[in-house]
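Here is a friendly briefing to read alongside the model.

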Amino acid sequence: MAGAAPTALLSVGQLADRIEQLTDGKLVARIDGDRSAEIGAVAPLDQADDGDLSFLANVRYRGQALATRATALVVGDKDAAALFPAGRGVGVLINCANPYAWFTLAAQELNPLLPHAPGTDPTARIARDSQVDAGARVDAYAVIDARARIDAGSWIGAGCYLGPDVTIGAGTRLYPGVRVLAGCSIGARGIVHSGAVIGADGFGFAPFPGRYIKIPQTGRVVIGDDVEIGANTTIDRGTMGDTVIGDGVKLDNQVQVAHNVRIGDHTVIAGCVGIAGSAVIGSHCQLGGAALIHGHIDICDGVIVSGGTLISRSISE
C-alpha cells in the first residue's frame with residue numbers, strides 16, 4: 001500500500017478486539033484456535049505461510065483454503081461449517097459474518113499509514129495570502145496559489161498544484177503530481193492518487209456555422225469527506241453550478257467524470273468508467289470497469305452496473 005508504514009506484529013486476539021472496537025461491535029468474530037498466535041502480514045491463500053493472515057470469501061477458492069499454510073484464516077459462517085468442522089485443518093480459524101471486511105480492517109491494522117511530520121519543503125511555492133495549517137505537510141516543488149486553504153494533518157505531495165481558492169480538508173493526502181484547480185474543494189480524510197486532475201474545464205462548446213464556440217466553465221468541483229480518487233482520474237468543473245462528489249465515494253484509476261455530474265455518498269466506480277455531463281448517480285451504487293453513462297440521466301440509489309455496460313436511459317428503481 002502506497003505510503004504504508006512497516007508491517008506491525010499483532011496477535012489474532014488483538015486484531016479481533018481492535019476490529020470489534022472500530023466497527024462499534026458490528027463485526028464480531030469467533031476465534032477457533034490460539035488467540036495469541038502472532039500475525040505479521042496478509043497474503044493470498046496459495047502464497048500464505050507461517051505468520052500470515054488470509055481469507056476466504058468466494059467459494060471457487062475453497063480448495064486453496066483447505067491447503068493454505070496461513071497461520072490464521074478468515075471465513076464466513078457457511079465456509080466454516082462446510083470446510084472446517086470444529087476448526088480442524090487450519091491453525092486459527094476466524095469466523096465472522098463478513099470475512100472480506102474483517103480481513104480488510106485487519107490489513108489496515110497490520111499496515112498503518114506512515115505518519116508525516118508537519119512542515120514545508122523550502123522548494124515549495126506558497127502564496128502569501130494562502131492558509132496552510134501548522135500541522136500540514138507540503139513537499140518539494142508543490143505550488144499553493146492565492147487564498148488556498150490547507151487544513152491540519154493534510155499532506156501535499158511533491159509537485160502538486162493547488163489553484164486559487166482551493167480548499168483541502170483535514171487529514172487529506174494528495175500524492176505527488178495531483179492538480180486541484182481554482183475554487184475546487186476536497187473534504188477531510190481524502191486520498192487523491194498521482195496524476196489526478198480535479199477542476200479541468202468541462203467539454204462544453206456551442207455549435208456555430210463552421211466552428212464551435214467555447215462555453216465558459218464557471219462552476220467548481222466539490223468533493224466530500226473520506227473520498228478516494230485513483231491515479232489519472234479526471235473530474236471536470238461545472239459549466240454553471242458545481243460537479244459534486246458525495247462522502248465516501250471511491251473512484252478507481254482513469255475514471256472520467258464530466259461537468260455537473262453528481263455522485264451520491266458511498267458509490268464505488270471501477271477503472272475507465274466514463275460519465276457524461278449532468279448525469280446524476282445515486283448513493284451506494286457500483287459501476288463496473290469501462291461502463292459508460294450517458295449525460296443528463298438519473299441513476300437511483302443502490303444500482304449495480306456491470307463492467308462494459310452502456311447506460312443510455314435513466315434507472316428509477
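D201 is partly exposed, with 40% of relative accessible area, and its side chain meets that of K214 in a salt bridge. Please keep in mind that this is a predicted model.

**Salt bridges**

- Side chains of opposite charge can pair when their charged atoms come close.
- Across the whole structure, a search turns up 12 salt bridges.
- In the bridge between K214 and D201, the N to O distance is 3.0 Å. The pair links distant parts of the chain, 13 residues apart: K214 belongs to strand 23 (residues 211-214), while D201 is in the loop between strand 21 (197-200) and strand 22 (205-208).
- K214 has a relative accessibility of 43%, so this residue counts as partly exposed. D201, at 40%, is partly exposed as well.
- R137 pairs with D139, and their closest N and O atoms are 2.6 Å apart. Here R137 is partly exposed at 26% relative accessible area, whereas D139 is buried at 14%. The cut-off explains the labels: D139 is called buried because its 14% is under 20%.
- R30 and D32 also form a salt bridge, with 3.8 Å between the closest N and O atoms. R30 is partly exposed, at 46% relative accessibility, and D32 is partly exposed at 25%.

**Aromatic rings**

- A pair of aromatic rings is described by the distance of the centres and the angle of the planes.
- How many aromatic pairs are there? The count comes to three.
- F55 and Y100 make a stacked pair, with 5.3 Å from centre to centre and 15° between the planes. Since F55 lies in strand 5 (residues 52-55) and Y100 in helix 4 (residues 99-110), the pair ties together parts that are 45 residues apart in sequence.
- F55 is partly exposed, with a relative accessibility of 22%.
- The rings of F203 and F205 have planes at 70° and centres 5.2 Å apart, so this pair is edge-to-face. F203 is exposed at 70% relative accessibility, while F205 is partly exposed at 35%.
- One aromatic cluster is formed by F55, Y100 and F103.

**An arginine over two rings**

- Which ring has the charged end of R173 sitting over it, 3.8 Å from the centre? That ring belongs to W155.
- R173 also lies over the face of Y175, at 4.1 Å from the ring centre.

**Nonpolar cores**

- In soluble globular proteins, nonpolar side chains tend to be buried together.
- The largest nonpolar core in this model has 48 residues. Which residues have the most contacts inside this core? They are L174, I198 and I275.
- Setting aside residues up to four places away in sequence, I198 touches R179, V180, L181, C184, I186, V192, V221, I223, I229 and I235.
- Apart from that core lies another one, of 21 residues, including A37, I39, V92 and W102.

**Buried N95**

- N95 is placed in strand 7 (residues 92-95). Is N95 buried or exposed? With a relative accessible area of 5%, N95 is buried.
- The side chain of N95 reaches the backbone nitrogen of D77 at 3.5 Å.
- Neighbours within four places in sequence aside, N95 is in contact with V28, A29, R30, V75, G76, D77 and A80. R30, listed among these contacts, is also the salt-bridge partner of D32.

**Buried G282**

- Where is G282 found? G282 sits in the loop between strand 33 (280-281) and strand 34 (286-287).
- G282 is buried, with 9% relative accessible area.
- Not counting residues up to four places away in sequence, G282 touches G264, T267, I299, C300 and D301.
- From G282 to D50 the separation is 232 residues in sequence and 44 Å in space, C-alpha to C-alpha.

How values were computed. Residues are numbered from 1 along each chain as its sequence is written. This is a predicted model: local features need pLDDT of at least 70, side-chain atom pairs count only at pLDDT 80 or more; totals for chains, interfaces and linings use all residues. Side-chain values use heavy atoms; hydrogens and water are left out. Rings of Phe, Tyr and Trp (its six-membered ring) pair if their centres lie within 6.5 Å; planes under 30 degrees apart count as stacked, over 60 as edge-to-face and the rest as tilted. Helices (H or I, at least four residues) and strands (E, at least two) are DSSP runs, numbered from the N terminus. Buried means under 20% relative accessible area, exposed over 50%, partly exposed in between (1.4 Å probe, protein chains only). A charge sits over a ring if NZ of Lys or CZ of Arg is within 6 Å of the ring centre and within 35 degrees of the ring normal. A salt bridge is a side-chain nitrogen of Lys or Arg within 4 Å of a carboxyl oxygen of Asp or Glu. A polar contact is a pair of N or O atoms within 3.5 Å; within protein, one must be able to donate a hydrogen and the other to accept it, and residues adjacent in sequence count only if both atoms are side-chain atoms. Contact means heavy atoms within 4.5 Å. A nonpolar core is a set of buried Ala, Val, Leu, Ile, Met, Phe, Trp, Tyr and Cys residues joined through side-chain atoms within 4.5 Å.
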